[in-house]
Each structure stands twice: as C-alpha cells, then as structure tokens.
Amino acid sequence: EQANKLADMEDMPTGEEMTPLEQRIFNVYSDFSKRISIDAWEALFDEDAFVVLDSSEESFTALIHFLMKHYYLPKRVWRYIVHKFEIRERRRELCEQFPAEFIDYMINNATFDDLISYDLFEGDDSQFDDYLTYYYRLDAAIRKHESDKLDKYFDLLAAMDVSHPYLEIAHIRVALQNLRDDADNQGILVTAVTKNHEEKLKALEKTAHALQEMYPVDLVILHTCGDLALVQNHLEEAKYYYDKTLALAKDNYIVKGKQAELAFCMGDYIKSRDLYLELLRINHYDNHVRAGMIRANACLIEQYKKKLEENPDDTDTSIEMAWSHYQSYHFEEAIECVKDIVPVGKQIFEVHNVRGRSYLCLEQYEKAIDDFFIWKEAIEGLDSEDNSEETKKLRKRLPYVNFLISDCYLKTKKYEQARKYLDLAMATEHDEIILSFEAKCELEYKTQNYEACIDACEAL
C-alpha cells in the first residue's frame with residue numbers, strides 16, 4: 001500500500017536535472033539487473049562520495065531522496081541498504097530529517113518478504129517498473145476483496161511486453177479466494193464447495209504444477225500448489241508442498257498459517273491451535289490467525305465435553321477446556337470450568353493462570369490480581385535447584401505474571417504499583433515482552449510523562 005502511494009509521485013529526473021552522484025545512483029537503478037544486485041550497490045557505496053567523511057552525509061541524503069522516488073527494490077537490496085547505513089538504529093534521528101513513513105517503508109521492505117520475485121521477470125525491462133506498479137495494485141485489490149478492480153489490473157498486466165509467473169498465480173489466488181468466500185457465506189467447509197468446481201481446479205492445478213517444475217524453489221509457487229491441494233482435501237499432497245516451502249524458509253509466517261489450517265483439516269485440533277498460538281505470539285493483531293485458533297478450540301471444546309460426560313472428575317480435562325474457552329473469548333465459561341477445582345501440584349499454575357486472565361478480561365481486577373499473586377508465589381516457591389525442563393518452563397512465566405499484575409494496577413489507576421511490577425516484567429526478556437512495552441507507553445501517557453511516553457513508543 002505504501003508502494004502504491006509512492007507510485008503516484010513524479011517520474012525519474014532527466015540527466016540534465018541530476019548531479020554527478022545522482023547520475024551514478026540512477027545508472028545503477030535504471031539497469032534492472034544491477035538494481036536487484038547487492039554487488040552493484042556495494043560498488044557504488046564503496047566510492048569516495050559515500051566513504052569520505054566530508055561528503056558521506058551529503059551523499060547519504062542524496063541517496064534517500066533518490067530512493068523516495070525510485071523504490072522498487074527487492075528485499076535483499078533493502079536489507080543491505082538498511083544494514084549498511086544503520087537505518088533501523090538511526091530511525092528516530094532520520095525521521096526528523098526525512099518522512100517517517102518512508103523510513104518505515106525501508107525498514108519494512110528489509111524485513112518482510114517480497115510480494116513478487118524480482119528475479120523472474122522476462123521481456124522489455126523498460127516496462128518492469130510499470131508492471132510492478134500494476135502488480136502491487138492487483139495484489140492489494142485481491143487482499144481487500146475489491147473484485148471490481150481485478151479485471152482492470154489483469155488486463156493492464158497482460159497487455160504489457162513483460163511476463164512473470166506470478167500473474168498466473170494471481171489468477172489462482174482469486175479463484176481460491178472466491179471458493180473460500182463462497183464456503184464462508186454458506187457456513188460450510190471449502191472442501192464441500194470445491195466438489196462443484198473439479199474441472200476448473202484441475203486446470204488451475206495443471207498450471208501451478210507446470211510453474212513449480214519451471215521454478216522448483218519459488219516459495220509463492222510452492223505454497224500455492226499446497227493451497228490448491230488443501231481446498232481439494234488432498235491433505236498429504238498439501239503437507240508435501242508446505243513442508244517443502246518451510247524447508248526453504250523455516251520462518252515463513254504465511255506457510256506456518258497454512259500448516260495450522262492443514263492440521264485442522266486433518267483433525268489434529270491441538271496441533272492446529274498451538275500453531276495458531278505460535279503465530280499470534282509473532283503478530284497478536286492478526287485476526288485471520290485468531291479466527292483459526294478459535295475454530296480449532298471450538299472442536300476441542302466438543303471433544304472435552306464428551307470426555308467429561310464419561311468422567312466428570314477429570315480435572316485436567318476441565319482445565320484444558322477452560323483454556324479453550326479463554327482462547328475463544330468465552331471468559332465466563334472458562335471460569336465456570338475451574339470454579340470447583342481445588343488445584344494440586346502443577347494444576348496450581350494452570351488454574352490461577354487461566355482464571356486470573358479470564359477475570360482480567362471481564363474487568364474484575366481484584367479477583368484477577370488475587371489469582372495472579374497466587375500464581376506468582378507458586379513460581380517463586382519452585383525449588384531453585386530443580387532445573388528440569390518442566391520447572392524451567394514454569395519459572396519462565398514469572399515476567400509475564402508481573403506484567404499481568406501491573407496491568408491490573410494500571411487499569412485501576414494505581415500507577416506506582418503498576419510501574420513497580422512493569423519494571424520487573426521488562427527486566428527479563430520473555431515471549432510476551434511486547435505487551436509490557438505497550439503497557440509502558442500507556443503508563444507514561446496516563447501519568448503525563450510525555451517525553452518518556454515518546455521514548456517508550458520508540459522502543460516499542
């Protein structure tokens with residue numbers, strides 16, 4: 001979306017408008033093969049203009065101004081530039097000199113995968129930039145379900161003297177999106193809808209498999225093949241493609257989400273839920289992932305109900321069901337599951353964890369903080385000489401408990417106590433520390449420490 005906004009800016013300057021340095025930057029950028037090569041940019045930045053102290057800052061400024069208008073670079077080049085000039089470390093300083101949106105655009109492009117592979121273009125390279133502009137707009141239209149714009153961008157891209165395999169992939173994405181939307185509107189699984197589109201899916205699959213043979217290690221093409229298999233309930237085939245994708249990019253967020261969906265389709269609801277939870281720890285604002293977790297928990301709740309009908313005294317199952325309710329935002333039901341349990345042993349940690357967090361979400365802060373302090377005391381009472389993996393896992397939760405206690409105090413405007421426990425929570429790195437950073441911003445704002453609030457926001 002940022003790229004689409006930038007695309008409306010002025011065109012490249014002519015040679016007469018450029019300084020000698022701008023001309024050399026332009027020479028790298030205008031040659032597409034050099035533009036996407038780290039070696040070409042490294043050679044440019046090794047010139048005296050970027051190395052000598054007297055000129056380096058001026059050259060850097062010229063580079064940023066140039067890139068603000070000419071920004072179609074692959075992730076690897078953005079990552080090199082961001083690292084070379086310490087953009088991430090200097091963000092606050094640079095945002096005072098350049099538009100903050102563009103500095104963030106640089107950092108984001110150095111962090112996240114490219115929406116289109118810059119290495120797979122063929123044809124008239126003078127049209128590559130226009131192709132990128134229209135492709136990004138097509139991609140945004142697909143993601144936003146703006147079906148009225150799709151034909152326009154597909155036609156513009158098809159008319160160009162450029163070919164790229166992702167155009168075929170985009171057609172497949174739209175077809176799969178339509179099937180999923182149809183299933184959602186009917187409230188049924190997508191595999192039930194696909195039975196009426198077998199011939200079309202076979203044709204799409206043929207196209208995808210042909211592309212996969214041509215580009216065997218392209219991640220987008222691989223997981224698209226997996227998506228086609230998944231909607232047709234060809235689960236082992238889908239697993240093959242997703243596993244192959246993750247073997248090439250083990251931290252690929254999108255494919256991990258596909259694996260969570262695959263686990264759900266295979267009936268492994270615990271694995272599905274846990275994979276979705278792992279993704280939410282990376283990005284707890286991802287509502288699509290959150291919906292997947294809730295869907296997996298709904299199936300688990302039905303399983304737990306059946307187990308409890310057979311054995312009502314199975315407290316471990318009651319605790320598991322409480323967690324599934326909590327993760328599905330059924331906070332009162334979660335509390336009901338554990339209300340009669342007198343926890344023993346490791347259950348003490350689980351019961352006061354899930355019940356305290358449920359009370360917190362219901363804004364019953366006094367009850368919540370009582371549970372959190374019992375949980376905190378249980379952690380602090382662990383044998384200091386016990387270094388088993390299970391005990392380490394329990395002990396690791398202490399910073400998070402301190403955050404939850406701080407959050408209760410913050411919500412009840414007891415700011416000094418909130419600060420005390422928030423400092424404890426932030427003193428040790430842990431999986432949920434981003435929540436503490438967010439709370440720090442809120443605490444400083446509410447206590448009118450505005451400079452400290454800005455610092456906290458920058459740190460976040």
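**View 1. Glu57, Arg90 and Glu93 join up in a network of salt bridges.** This close-up, like the others here, comes from a predicted model. Arg90 pairs with Glu93, their closest N and O atoms lying 3.1 Å apart, and Arg90 also forms a salt bridge with Glu57, where the closest N and O atoms are 3.5 Å apart. The Arg90–Glu57 pair links distant parts of the chain: Arg90 sits in the loop between H7 and helix H8 (91-95), Glu57 in helix H6, and 33 residues separate them. Arg90 counts as buried because its relative accessible area is 16%, under the 20% limit. Glu57 is partly exposed at 39%, and Glu93 is partly exposed at 42%.

**View 2. Arg90 also meets an aromatic ring, that of Phe60.** The charged end of Arg90 is placed over this ring, 4.9 Å from its centre. Phe60 belongs to one aromatic cluster together with Trp41, Phe45, Phe50, Tyr80, Phe85 and Phe98.

**View 3. Tyr29 and Phe66 form an edge-to-face aromatic pair.** The ring centres are 5.7 Å apart, with 75° between the planes. This pair bridges distant parts of the chain, with Tyr29 in helix H2 (residues 20-30) and Phe66 in helix H6 (residues 53-67), 37 residues apart. Both partners are tucked away: Tyr29 is buried with a relative accessible area of 1%, and Phe66 is buried with 5%. Look for Arg35 here too, as Arg35 lies over the face of Tyr29 at 3.8 Å from the ring centre.

**View 4. Tyr71 and Tyr105 make another edge-to-face pair.** Here the rings are 6.1 Å apart centre to centre, and their planes are 85° apart. Tyr71 is buried, with a relative accessible area of 6%, and Tyr105 is buried with 6%.

**View 5. A salt bridge connects Glu47 with Arg24.** Their closest N and O atoms are 2.7 Å apart. For context, the whole structure holds 30 salt bridges.

Terms used
Residues numbered from 1 in each chain as written. Predicted model: local features only at pLDDT ≥ 70, side-chain atom pairs only at ≥ 80, totals over all residues. Heavy atoms only, no water. Phe/Tyr/Trp six-rings, centres within 6.5 Å; stacked < 30°, edge-to-face > 60°. Helix = DSSP H or I, 4+ residues; strand = E, 2+ residues; numbered from the N terminus. Buried < 20%, exposed > 50% of the residue type's maximum accessible area, 1.4 Å probe, protein only. Lys NZ or Arg CZ within 6 Å of the ring centre and 35° of its normal. Salt bridge = Lys/Arg side-chain N within 4 Å of Asp/Glu carboxyl O.
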